[in-house]
Amino acid sequence: MPNAKSLVLGMIVGGVAGAAYTLLNTPSSGRDFRENAKLKSENLKTTILSLKEEGFQLKDQIAQTSKEGAELIKELSEDVKTSIESWKQTVEPHQKKIQSYLEQIEESLKELEEKAKAEQSSDTQPSHEVVNHQ
């Protein structure tokens, strides 16, 4: 908002300076000069009031947009939370089944390892055959 204030102030100062320069550098009679100064003053006053009104409208629009944005973000976050909860409810039963299957696979692998060790140890025992060398 500081930039808007600086812009409006700059326009006002520039308008006043321009009007003063124009009024002082125009060759005219006193009466014409006063009338011209009065018209210029009224125009400047109208311009300033118009800028002021537009500034208030801009401020109101920004406030309204901010409010709408905050409401939209709130609604969006609620939608995301609802979606996550729904996803959790959908996935949780499957997650338990998968965990159960993984435990069964793990038990099967342990049994296979034990069988493989048992077979390996029975294959590596020396046999007591007598070999006849003649």
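**Talking through a helical model**

Modeller: Let's start with the greasy bit: Ile98, Leu102, Ile105, Leu109 and Leu112 make a nonpolar surface patch of about 490 Å². Bear in mind that this is a predicted model.

Colleague: Okay, but what makes Ile105 partly exposed?

Modeller: Its relative accessibility is 48%. Buried would need under 20% and exposed over 50%, so Ile105 counts as partly exposed. Ile105 sits in helix α2, by the way.

Colleague: Which residues form the negative surface patch?

Modeller: Glu68, Glu71, Glu75, Glu78 and Asp79. Asp and Glu count as negative.

Colleague: How many salt bridges turn up in the whole structure?

Modeller: One. Lys110 pairs with Glu106.

Colleague: Why is the contact between Lys110 and Glu106 called a salt bridge?

Modeller: The closest N and O atoms are 3.9 Å apart. The cut-off is within 4 Å, so the pair qualifies.

Colleague: And what separates Lys110 and Glu106 along helix α2?

Modeller: About one helical turn, because they are four residues apart.

Colleague: What does the protein chain look like overall?

Modeller: Two helices and zero strands. Buried residues make up 2% of its 134 residues. The accessible surface of the chain comes to about 12,400 Å², with 58% of that belonging to carbon and sulfur atoms.

Technical notes
Residues numbered from 1 in each chain as written. Predicted model: local features only at pLDDT ≥ 70, side-chain atom pairs only at ≥ 80, totals over all residues. Heavy atoms only, no water. Patch = residues over 30% accessible without salt bridge, like charges linked within 9 Å, V, L, I, M, F, W, Y side chains within 5 Å. Areas by Shrake-Rupley, 256 points an atom, 1.4 Å probe, with all protein chains shown as cover. Salt bridge = Lys/Arg side-chain N within 4 Å of Asp/Glu carboxyl O. Charge placed at Lys NZ, Arg CZ, Asp CG, Glu CD. Buried < 20%, exposed > 50% of the residue type's maximum accessible area, 1.4 Å probe, protein only.
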